[in-house]
Amino acid sequence: MSKIAEYKRLEAQLAEQLAALDKLKGDDKLQQEMEFETKLKGLLKEYGFNLQTVLDILDPDSASKSAIPVSRRFRVLKKYTNPHTGEVVETKGGNHKTINAWKSKYGAEQVKSWAQ
């Protein structure tokens, strides 16, 4: 395809999309939804809530349905500081190379006490 043909094709698509956008701007339903979104965001900010909190308030039963399964929970970041070397390790998993080396050298219970 020549450059001029591609240019004309893209220009026609742009004109079509701009016409669709202008049509949407005049739609009362869109204006109503945009006003609702603005007011909702203002209320969330005013009361310090997030959207999930509002959903939990409106439908408390849905929280139990959408809860993350135990096997899919996100792990918490743990920070270990070795008091002997001052080395700091941050990990979410229990199979970290350095942590395992410390456990074999100092013992699992000792290393566990280094977690912050």
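Is Glu 35 buried, partly exposed or exposed? Glu 35 counts as partly exposed, because its relative accessibility is 43%. (Buried means under 20% relative accessible area, exposed over 50%, and partly exposed in between, with a 1.4 Å probe and protein chains only.) Here are my notes on the rest.

1. **Ground rules.** This is a predicted model, so local features need pLDDT of at least 70 and side-chain atom pairs count only at pLDDT 80 or more, while totals for chains, interfaces and linings use all residues. Residues are numbered from 1 along each chain as its sequence is written, and side-chain values use heavy atoms, with hydrogens and water left out.

2. **Helix 2, end to end.** Helix 2 covers residues 28-47, which makes 20 residues, and its first and last C-alpha atoms are 29 Å apart, close to the expected 28 Å. That expected span is 1.5 Å times one less than the number of residues. (Helices here are DSSP runs of H or I with at least four residues, strands are runs of E with at least two, and both are numbered from the N terminus.) At the helix start, a side-chain oxygen of Asp 27 comes to within 3.2 Å of the backbone nitrogen of Lys 29. After the helix comes Gly 48, with a positive phi near 75°.

3. **Helix 2, its surface.** This helix is hardly covered: the count of buried residues among its 20 is one.

4. **Salt bridges.** How many salt bridges does a search of the whole structure find? The search finds two. (The cut-off is a side-chain nitrogen of Lys or Arg within 4 Å of a carboxyl oxygen of Asp or Glu.) Glu 35 pairs with Lys 39, with the closest N and O atoms 3.0 Å apart. Because these two are four residues apart in helix 2, about one helical turn separates them. Lys 41 and Glu 37 meet at 3.4 Å, N to O, and they too lie in helix 2, four residues apart. Lys 41 is exposed at 52%, whereas Glu 37 is partly exposed at 41%. As background, an α-helix has 3.6 residues a turn, so residues three or four places apart point the same way.

5. Strand 1 (residues 78-81) and strand 2 (residues 88-91) run antiparallel, joined by four bridges. (Two strands pair if DSSP finds at least two bridges between them.) Lys 78 has Thr 91 in strand 2 as its bridge partner. Six residues sit between the strands, and Gly 86 in the turn has a positive phi of about 80°.

6. **An aromatic cluster.** Trp 102, Tyr 106 and Trp 114 form one cluster. (Rings of Phe, Tyr and Trp, using its six-membered ring, pair if their centres lie within 6.5 Å; planes under 30 degrees apart are stacked, over 60 edge-to-face, and the rest tilted.) Trp 102 and Trp 114 are edge-to-face, 5.6 Å centre to centre with 70° between the planes. Trp 102 lies in helix 5 and Trp 114 in the segment after helix 6, so the pair ties together parts 12 residues apart in sequence. Tyr 106 and Trp 114 are edge-to-face as well, at 5.2 Å and 65°.

7. **Ile 99.** This helix 5 residue is buried, at 3% relative accessible area. Leaving out residues up to four places away in sequence, Ile 99 touches Tyr 80, Val 89, Thr 91 and Val 111. (Contact means heavy atoms within 4.5 Å.)

Terms used
A polar contact is a pair of N or O atoms within 3.5 Å; within protein, one must be able to donate a hydrogen and the other to accept it, and residues adjacent in sequence count only if both atoms are side-chain atoms.
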